[in-house]
Amino acid sequence: MSLTARYVAACGVSLLALTVGQAKADWKPTKSIEFVVTAGPGGGTDNFARAVQNVITKHKLIDQPIVVVNKPGGSGAEGYIYEKSQAGDPHKVVFGTSNAWQQPMVAKLAYNYTDLTPIAAMVQDEFLLWVKQDAPYKTAKDYVAAANAKAGGFKMGGAQSKDTDELLTRMISKEAGIKLVYVPFKGGGEAAVQLAGGHIDSNVNNPSESLGQWRGGTQRPLCVFNSKRLPKGDKITATESWSDVPTCVESGLNIPMFQQPRTVWLPSKVTPDQVTFYINLMKKVQEQPEWKEYVTHTSQTSTFIAGDEFAKFIKEDVERVHKIASEEGWLVSK
Amino acid sequence: MDNLEALLHGFSIAISVQHILLMLLGVFLGIVVGVLPGLGAPNGVSLLLPLTFGMQPVSAIILLSSMYWGALFGGSVTSILFNIPGEPSSVATTFDGYPMARDGRPTTALATAFSSAAFGAFAGVVLITVAASWVASVALEFGPAEYFAVYLLAFASFVGMGGTPPVKTLVALAIGFAIAAIGIDTVSGSVRLTMGVDELVKGVNFVVAVMGLFGIGELLIAVEEEMHVRGVNSKVDWREVFRTVGNMPKYWWTLLRSTAIGCWMGITPGGPTAASFMSYGIAKRFSRNGANFGKGEPEGIIAPEAADHSAGTSALLPMLALGIPGSATAAVMMGGLMIWGLNPGPTLFVDQKDFVWGLIASMYLGNVVAVLMVLLTVPLFAALMRVPFFIIAPLIVVICTVGAYSVSNSYLDVMLMMGFGVVGYLFKKVQYPIAPLVLAIVIGDKAEDAFRQAMLLSGGSLRIFYANALVTTLVTVAIILLLVPLFLTMYSKVVRRS
């Protein structure tokens, strides 16, 4: 290890993140790299990992080949548990979402997010409140009033149990004081189809999960859970594009921000220069045109949180989720 | 006929030298991954996906879907020759395909499977062509209650199937349900039945269970019964292929019924697996040769194969029209669509006419290419049966081990696979049926999820299962299928006594 690297290592990962470009990391991958995807083929996390792979391969950002492996079992837990068992191996990179730290809180699993080394959150997926096309309500306010008036409340579909979709559902229900029966499905795609068939009243899908359905006129978004409207982009329907969807606060539901970060991790016991290598690599990935195309295509929001900033982000989110989970009685004792 | 005109336009896109070459390549690669267990269609398509990023979407989907057809056909080969089904939907093919092949008629078994599969696939494409928009709306009718009713129907067609006592079937089903429950539960999000093994949180993969139950289990039985097993003496005979194909019209009723079941299960998103099992169960019950099922009866091959392929083909329609992938492979293709910048969903048929109709036309051509290729290679595959047992047996162990390991690169899966081999052996020894066990492992958790989702929607009332005509019909047919054998036994007892 060179003097520079030793000095930088002592200063910690945060400084490394700041000095990207000047600091030269000494470490380089010495064999093929495994991208472990904590979801099945075809889903949002899978597309994320394959987009990163695609950019790296296309621009030859590293010399070693990349193999993508899907470990979708246990709602993603399979992938994280595998990563935990690979401690010290910097050639195993795991791709996931905020479920890395949320799932161990609500299910008895053989890992915790502290068994992994955080690299970065590269993109934030958005959430919208979707209702059936022919539903009478036009704003979130109308929706709340209608849910209040209906005996037994509204049925809200979503992906997985006690994950982001159900978390947001509980937040809505608490904020608006309405009863929402949460029905978990395997994924957001299923929730979209169930809404189109009128089997549920609403869902909180990501843009890419319901884009086709909106364009096809089976459902429409009431509002987006963000403090700002989404960027304009192309027209989705004859008259509307993403920027025409009001924020939930505008529309009468006071939840200013709810997003899902897409995250990258290494196993534990890796060295600081290995961490730096991957932070720099992901940073480079993000600067390529193909990456920007991927973010726009999937209507996500680009972000780059790494190092201390990412650690802080996780800590805050853990506290926020912990509060809701304990109120709902979801927490498991370890 | 708007659709016919669109289809002709589709043909004009699909028929080009480049596309025909892509079809040949796709089908060939598909047969290869289909024959090699553990690789399978979803993995094969995933591996090819990055190569298609630079292609035109139509060319890309033609390559991928041709590979899918090839893999579907290839999967039947190992089911029949070695009793190792590569996909959940080809399990039912092993029930009669393998006994027939062991009996010295591998050529007939393979040719029967391929020609009924071709018939099913063709019916599926025709259905897509004439009823695209109608079909899309039917699939929307399916909520959790309707899904559960379909699964119930699949289970019901197995209980009390002639030959095995209903109690044994129920025991096998119950064990299958318990195995399906291992891992994270979708509805509550909690971890179940991992018995202290951390990795079991991922659940038991179907491929692992089936390779053990069928491949290894059968091997153990063979070793015990006849250590002297020689290769089956089968002639390499192309004429046998043509004779078998020529005989197919004799089974027109089984073909039609199975195809109807398959198409129905494909467009209502019940899927090819439920379709092939249900079709086999029903064929066994209504066939005049019912007693021969399980011993190499042609109808026992025709029924699951025709249903599997008609369901597999028509299942592409919900994926295109609604964005619901009917199978793992369809899910990977859907990921591909997104990357090519297309959005599966109701508007695809309006916005992307060239793509959709190019694909549908290529389904006709791709299947013709696939059928010709597999039928011509039947005698070569059948020749594999002549390889002596002492060479085949270690090969099967290697194939099963590699297959189980490659599911998610895990040694635990290899151990589980071996364990299932012992279970398969014991089941055969004490004459418990393996089919219901596998059925419950494959669709047990889906049935459970659907039931509990339905209960959440109805607030705990069973009334949701007779809330509309569709679900009431499905549930009623299931209950009748459950009760018929009971009445038949009682009736025959009464008759015998008098």
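**View 1. The contact between chain B and chain A.** In this predicted model, the contact between the two chains draws 43 residues from chain B and 44 residues from chain A. On the side of chain B that touches chain A, the elements that give two or more residues are α3 (40-48), β1 (183-184), α15 (328-339) and α20 (434-458), each of them belonging to chain B. Of these, α15(B) gives the most, contributing five residues to that side.

**View 2. The residue types on the chain B side.** When the residues on the side of chain B that touches chain A are sorted by type, they divide into 21 nonpolar, 18 polar and four charged. For the confidence that goes with this view, chain B has a mean pLDDT of 85, and 93% of its residues reach 70 or more, while the complex is given an ipTM of 0.87 and a pTM of 0.85 by the predictor.

**View 3. The two domains of chain A.** Chain A is divided into domain 1, made up of 3-124 + 260-328, and domain 2, which covers 128-251. The C-alpha centres of domain 1 of chain A and domain 2 of chain A lie 29 Å apart.

**View 4. The contact between the domains of chain A.** To this contact, domain 1 of chain A brings 14 residues and domain 2 of chain A brings 15 residues. On the side of domain 1 of chain A that touches domain 2 of chain A, α5 (99-106) and α13 (307-328) of chain A each supply at least two residues. The residues of that side of domain 1 of chain A comprise three nonpolar, ten polar and one charged.

Note on methods. Residues are numbered from 1 along each chain as its sequence is written. Chains are lettered from A and ligands numbered from 1 in the order in which they are written. This is a predicted model: local features need pLDDT of at least 70, side-chain atom pairs count only at pLDDT 80 or more; totals for chains, interfaces and linings use all residues. Two residues are in contact if their C-beta atoms, placed from the backbone, lie within 7 Å. Helices (H or I, at least four residues) and strands (E, at least two) are DSSP runs, numbered from the N terminus. Ala, Val, Leu, Ile, Met, Phe, Trp, Tyr, Cys and Pro count as nonpolar, Asp, Glu, Lys and Arg as charged, and the others, Gly among them, as polar. Domain bounds come from an automatic or database domain assignment. pLDDT is the predictor's confidence in each residue, from 0 to 100.
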